[in-house]
Every structure is written in C-alpha cells, then in structure tokens.
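Please look over the sequence and the model below before reading on. The paragraphs that follow start from a single position and then widen to the chain as a whole.

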Amino acid sequence: MANNDGHSGDQFGELLVREQAITPEQLQKAKRKSDREGNRLGYELTKMGYLEEDDLTSFLSEHHGVPSVDLSTVDIPAEVIDLIPEKIAKRHQCIPINRSGSNLVVAMADPSNIYAIDDLRFSTGYDIEVVVASETQIESALEKYYQAGQSQNLRSNYDYDEIMGDLDVDDVDYVEEDDDAVDVNDLAQASEDAPVVRLVNMILVDAIDKGTSDIHVEPYEDDFRVRFRIDGVLREVMHPPKKLQSAIISRLKIMANLDIAERRLPQDGRIKLKMGNDREMDFRVSVLPTMFGEKVVLRLLDKSNLQLDMTKLGFEQKPLDTFKNAIHQPYGMCLVTGPTGSGKTTTLYSALSELNTVRENISTAEDPVEFNLEGINQCQMKESIGLNFATALRSFLRQDPDIIMVGEVRDFETAEISIKAALTGHMVLSTLHTNDAPSTVSRLLNMGVEPFLVTAALNVVVAQRLGRRICEECKEPYDVGEEKLREMEVPESKLGQTVYHGVGCSNCEDSGYSGRVAFFEVLKINDEFKNYVIQGYSSAELKAEAIRMGMTTLRQAAINKMFDGVTSPEEVVRNTAPDN
C-alpha cells in the first residue's frame, strides 16, 4: 500500500505538523510504524490516536479542495456499486456513490492518488469526480455493499456468459445499422451507457490478459461476434447481441477519436491506455465499412512485451552471429522478410536496440510507428500529405544519419534510394514481403534495381516466421510416425529423436500452445553468392546455392526447434514450406 496521502509521507506529515494537528514526535513514531507495516501514514496516525478521523478527513478536504462526505448517511444504488469491481475498489480504498451523465462520483481515502483515479477512469469509462471520506467509513461501506452481493463485479473474472446475462439490451436507445439518417447524439449516448462501457472495457482488458495480438469486432447479417488472435490463431470469444452492434462500435470509435457519424469510409485511429505501474498499452484501431456494418480491428501494441534482446528472439547461434556481424558493418543494407505478423518489426527493433549508442544518429521511417524507442528519431508516414518512405529517406540523407530504418521497401523508388544510401556510407535496415531469403534478391531485381547495385549494397537477408510454442504445462512426447517426418524432410539421422506436442490444459485454454517462437533463415551475401546473382541465377538456383553454402532454411530451423521440444510437427508444416 502506498505510504502517503497524496504527497510523500514526509511532505504530508510536515503539513500536519505545520498546521499543529500533530507533534513532530508523533509524526516520527507514526512514520516508523507506517514504513514497517506498509500502511498509509494517515491510517497509522488515526490508529495510534494522534489524529481523529474526522479531523484527517477535514484536513484532506481543505488541502486538496474536494468535498468531504459522511458515508453513513449515504444510500448507494446497486447499479452505481456495479460500476467499480470489488477488487479495484478495495485496492484503491474507494467506493462509487453517485453517477451523473458521464461523471462518476467516487469517495476515496486518498483524494490525490492519480494512479487510482486513472485506473478507475479506465475500468469504468467515466470521468471521475473525487470526494474524500474516512478510511473506516470506506471499509464499512465496502463490506456492506460488496459483501452483500449487490455488485455484479463484471471485471473480477472473464466469464462472458455471465456478462451477457447482466446486459439488458432494452436499456439502451440503439441505432439500427440500415438507418442512413444517423443521429450522432443517439450514437454517442448509446455508446456511453454503462453496460456498453463495461462490455467494451471487458473486451480490451481480457485481450490484454490473454496476450492477444489483434481483436476483431465483426458484424454479419444475423450475428455479431468478437474474435481474438492469440499466438497467431483467431479464436471466437463472444457473440454480443446484434442490437448492441452500433453502440459497441461507436464506443470504440469514440475511444480512438474517430468520427462516429462517418460509416461509409474506412478510418484509422489509436487508443492509448495506462494500465498502472507505468505500463502503457496502445491499440491501433482500423474501421472498415462492410455489408452489415463497420468491422473494427484493434492491434495491441504492448511495449512491455517487446523483446529487444537479440539473443532471446529465437536465433540459433551461427545465424545470430551472421546477422549481428552484418548489422555492425559500417555501411550496407540488411533486409528482414516474411509475411504480415511474422515478427519482422520486432527483429528490426532488436537490431536498432543493439546499434543504439550515443555515437550513432538513427532515423526510422515507419508506417505506423508501433513502439517509441528512446534515442531513436522515428518518423510517422502520412501518405495523405505526400510523406511516404521515399520522401522521408531523402530527408534523412540531409540529417547526417549513420543508421536508417525504412519500414518497408514497397516500390522501385524506395528501393533505389535505400540502396544508394547503403552505398554512400550508411547502414540501412528494412523489410520486404517475400517467401524466403534468396527470393528477396530476385524481388529487388524484378523491381528494376540493377544486379551490380544489389550485390554491392546487400549485406544479409533474414527470412522469418512465427510458430506457436508448446505449452510447458501439458507437453508430452508424441509419436508422429517416421513417414510423416520424412514428408517433412527430416534428415534420416534424426528420425528416431523424440518430438512433443501439447495435449491441452487450463493454462493454454486447451489449445496445447502458449506463446510463440521465431524460425529464422539467414542468408549472408558473400562474394560467391554475389557472383551467382551477377550471372542471373533464378530464385530456385540461388536458394540451392545458398543451402549448399550452409544456409539453414526456414524448414530446417523449424525442425530444429521441434526436436528441441519447443514447437510441434503441425506448427513446422503450417509455418514453413518444404525446401526445394
């Protein structure tokens, strides 16, 4: 428990001494006990008899400029209690006492606890108006209202069936999707109704707790569903009532600062939430009009889960050494390739983190900027005003850069400028969408870049995929059969080794998987390989030569992870193509 009442313990105590409410000796005794037992200073002062609770409440009220309330005279409606879960109310020593429009009046023992107020604002969706009450009265009220079972406490667990049972769709004035004459006020009012606010907050919190990468809110003709992408696979989590569709979507659009009246055009926005303990969570929001309403997809960007340690990404030692050696060259181009959602951005951020020193000037052009990195100049692309990768790259070259990161090489212009930058003394990092590392070279050539420029600029190409990691709680040996292993092109020498899978348990929600692991294919562009490019070898021929020179393919890397007991045969097949 925080050892203060809005200030540090020292400041708060000094204020009380200055007002002659307590003596310096009483303050020192109370402080020692407060530090020892982890309680708030005000609580210890009243418990030790140095200060009356009413006097402390009056002091806090006057000092912070907020009203005080006698909770023993207040009758709190059950629907107001339901707005704050018991767990949160007890954590912050507070209780809701009244609601008026979008304002929720909350009685608190510590009226200046900014963290608590932010947490309450997030969990309820309301603007929080604080009043101060004594700690004893708050504890009595918590016991009276929550223990009596009056609170539905929607956020204390994630049972969606229970949530849906508590939602009364008749409580909200909903707008039908086929009504072209949208009343914005009706939409806004519907989106701010308590059941809708709680349900949307519940969806966001549940997604965070389950390690979701994307939330899909999808309208259909006779259905409305929410799906989470967990470990790369979509899972259906709930079907809210169809009648709630407009209100839920409008709520999400309001949170993302989007136009709720515009339902004919796609919109993009961002929701930024503070989760406490300085943890921030960003949701990248995309709204797309469909036949039966707007579909909303939210991409979760959790900086606390961003893995910037290259040794923990999943590289095997030799490919990791190759990649690190390439990015530490004084100049050149390093490309990371793979489909959307394969972890390319994480790999690039890890490389930038490795290179990020006070001696280097690093600039990035990203669309969008997913995570803010200290010490790196990050530029957000805005196509609508002409700020694209090519434009940003030209500006970077006038900013005295050492290292440049381009979000994606999409066209000839971007490729040409990137390669010229790599040839003029800069380290350039970027991504491409190709199936494997050798075909990346062919892709650049097909864009129109001359072979001699590609070979002169390129240092390394990394292809990667993300496979699901076997749940450690339910992992067990698995007899997949030698024939299946041969089809996967497992070397004969490894056919007798044990492979594993997850049978499913409560830890992994019966999926058998928990988390993901990366498979890497690292192609070093050495002199021998450059010669094959100049000679005009095809993608297949370049791949064959790369394998001959010792490159570990994506399939081979995945098979190695399988025999390490990290992933399953099914994930190897699902994420990697057979080697040609």
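Does Gly 481 count as buried, partly exposed or exposed? Gly 481 counts as partly exposed because its relative accessibility is 27%, where buried means under 20% relative accessible area, exposed over 50% and partly exposed in between, with a 1.4 Å probe and protein chains only. Gly 481 lies in the loop between strand S16 (475-478) and helix H19 (482-487), and its C-alpha is 8.9 Å from that of Leu 495, a residue 14 places away in sequence.

This is a predicted model, in which local features need pLDDT of at least 70 and side-chain atom pairs count only at pLDDT 80 or more, while totals for chains, interfaces and linings use all residues. Residues are numbered from 1 along each chain as its sequence is written, and side-chain values use heavy atoms, with hydrogens and water left out.

The protein has 23 helices and 18 strands, which are DSSP runs numbered from the N terminus (helices H or I, at least four residues; strands E, at least two). Of its 580 residues, 51% are buried. Among contacts (heavy atoms within 4.5 Å) between residues at least 6 apart in sequence, 65% join residues at least 24 apart. The accessible surface comes to about 26,600 Å², 44% of which belongs to carbon and sulfur atoms; such areas come from the Shrake-Rupley method with a 1.4 Å probe, and for residues only the protein chains shown count as cover.

Strand S2 (residues 103-108) pairs with S3 in the parallel sense over six bridges, and Val 105 stands opposite Glu 129 in S3.

Asn 201 belongs to helix H11 (residues 194-209) and counts as buried because its relative accessibility is 2%. Apart from neighbours within four places in sequence, Asn 201 is in contact with Phe 122, Ser 123, Thr 124, Gly 125 and Met 255.

The largest nonpolar core has 53 residues, a nonpolar core being a set of buried Ala, Val, Leu, Ile, Met, Phe, Trp, Tyr and Cys residues joined through side-chain atoms within 4.5 Å. Helix H22 (residues 554-563) gives this core its largest share, six residues. Leu 523 is among the residues with the most contacts inside the core, and, not counting residues up to four places away in sequence, Leu 523 touches residues including Ala 437, Val 460, Phe 529 and Met 551. A second, separate core of 34 residues includes Leu 199, Ala 207, Met 238 and Leu 298.

His 426, in the loop between helix H16 (412-423) and strand S14 (427-432), counts as buried because its relative accessibility is 12%. A polar atom of the His 426 side chain lies 2.9 Å from the backbone oxygen of Ala 421, and a polar contact of 3.3 Å joins the side chains of His 426 and Thr 424. A polar contact is a pair of N or O atoms within 3.5 Å; within protein, one must be able to donate a hydrogen and the other to accept it, and residues adjacent in sequence count only if both atoms are side-chain atoms.

Notes:
Pairing = 2+ DSSP bridges.
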